[in-house]
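Trainee: I'm new to this one, could you walk me through it?
Mentor: Gladly, here it is.

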Amino acid sequence: MTTTSTPETTEPEPTSPAGATTPGRKFGLAAATALVMGNIIGGGIFTLPAAVAPYGTVSLLAFVILSVAAVLLALLFGKLARRSPVTGGLYVYPRDAFGPFAGFLSAWSYWTMCWVSIAALAVGVVGYVDVLIPLGDSKVVLALVALAALWLPAAANFAGTRYVGAVQIVSTVLKFVPLLLVATVGLFFVDTDNFGPFNASGESAPGAVAAAAALLLYSFLGVESAAVSAGEVKDPERNVGRASVLGTVASAVVYILGTIAVFGLVPHEDLVESGAPFADAVNSMAGGSWGGTVIALVAVASIVGCLNGWVLLSAQMPYAAARDGLFPKPFARIGKGGVPGFGVLATAVLGTLLIVVNYADDPDTAFRVLVLITTFTGCVPYLLSAAAQLYWLARGTRERVRPAGLARDLIVAALSFAFSFWLIAGAGYAAVYQGALFLFAGIPVYVWLRGRQEGAEDEAEATA
């Protein structure tokens with residue numbers, strides 16, 4: 001049996017649905033906010049301005065739309081965390097509303113997105129390390145660097161949530177401060193002639209916004225970080241929502257101001273061809289060529305910090321599902337540091353396999369195909385969570401839903417659902433097709449685990 005949480009009821013020390021206590025809480029508001037920011041701002045920020053430059057400054061509008069939608073999701077997760085302040089939020093919400101199968105699909109989809117994305121981030125470190133220390137063309141060396149980038153954050157997670165939080169705060173500061181300097185000081189050096197045309201795509205303005213947004217979809221994955229790790233957050237009923245909103249807003253400010261600064265510092269025709277737009281922007285501000293080195297250092301700190309948080313999240317979702325018998329039992333094991341150690345190990349091993357595949361003889365392998373489905377697999381839990389909130393609002397009585405907040409909560413949930421649907425559609429036909437196949441591949445796992453669980457329950461009732 002699974003349990004549900006009422007909107008107005010809170011407990012001093014929530015337990016997992018299976019009745020076992022959640023891992024020890026170590027994250028305060030600052031660490032939880034850093035976790036959200038660190039997972040949203042990964043390596044993508046360093047290449048996004050060049051990626052959307054071909055569409056013109058209309059891409060700034062796409063950034064604003066995505067930022068508003070991400071804040072809505074943050075508000076949604078804060079509301080849901082008040083109902084179920086336990087680890088594995090995006091699994092718990094659909095499970096409480098729609099039953100174990102919906103919860104399993106959400107957990108499976110999110111877990112898939114996590115370990116594929118972790119491998120992609122680790123590979124992304126290599127290019128920046130090569131700026132600092134030339135690595136040559138040896139695929140073995142490149143693969144070893146990527147593996148080191150993966151396993152160092154995994155080791156921090158094995159040490160415990162206290163160390164994860166500390167690493168997250170340090171890495172977030174290391175990347176956030178330099179990026180914020182570019183996003184603020186850089187504005188004083190902006191040359192409006194560098195912005196280029198508003199719409200350089202040749203499409204209609206709405207079409208250009210949609211096309212630019214499709215490239216930016218991945219940039220806001222991570223807004224759910226505090227909700228997924230709610231069991232490790234102090235006072236989760238309050239801090240999950242606050243951390244989600246604060247981390248998302250801060251990340252959005254860096255994204256938008258940083259992109260505006262880069263657009264105004266680097267001529268449009270040069271920005272379209274740039275491989276390191278922030279480095280080019282720093283060079284334009286200060287002269288010389290040292291910008292590339294500084295940005296490379298920041299990028300390495302950014303991606304490693306992002307990996308640190310994503311490794312933790314990748315273990316939390318299956319941990320919560322395993323407590324309900326909907327994931328293999330080893331995922332429910334908690335190490336001395338309060339972290340689901342098997343989940344961390346499984347993520348690291350699967351990520352290692354993908355990295356090895358990526359650096360095999362043919363780089364255009366299944367790894368690249370899997371990367372295309374990360375947006376789809378990440379947004380399925382968003383969609384199901386928004387649907388769960390709509391379900392609770394529709395089901396609520398006057399005693400369970402405050403009339404004063406009903407309209408606000410309904411608007412947030414409905415817009416979050418629409419945003420998630422838009423993200424899935426924006427991932428493209430191929431990604432949705434491949435992602436659906438990957439998602440449904442988990443059904444046999446659910447059938448086996450659920451069948452074994454109910455079989456054991458029937459046997460227990462027969463012998464009682």
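This is a predicted model: local features need pLDDT of at least 70, side-chain atom pairs count only at pLDDT 80 or more; totals for chains, interfaces and linings use all residues.
Trainee: How many residues does the largest nonpolar core have?
Mentor: The largest nonpolar core has 136 residues, a nonpolar core being a set of buried Ala, Val, Leu, Ile, Met, Phe, Trp, Tyr and Cys residues joined through side-chain atoms within 4.5 Å.
Trainee: And which helix gives the most to this core?
Mentor: That is α5, residues 100–132, with 19 residues; helices here are DSSP runs (H or I, at least four residues), numbered from the N terminus.
Trainee: Switching topic, is S251 buried or exposed?
Mentor: S251, which sits in helix α10 (residues 236–265), counts as buried because its relative accessibility is 0%, where buried means under 20% relative accessible area, exposed over 50%, and partly exposed in between (1.4 Å probe, protein chains only).
Trainee: What is S251 in contact with?
Mentor: Setting aside neighbours within four places in sequence, S251 is in contact with M37, I40 and I41, contact meaning heavy atoms within 4.5 Å.
Trainee: What about L345, where is that found?
Mentor: L345 is found in helix α14, and L345 is partly exposed, with a relative accessible area of 37%.

Methods: Residues are numbered from 1 along each chain as its sequence is written. Side-chain values use heavy atoms; hydrogens and water are left out. Helices (H or I, at least four residues) and strands (E, at least two) are DSSP runs, numbered from the N terminus.
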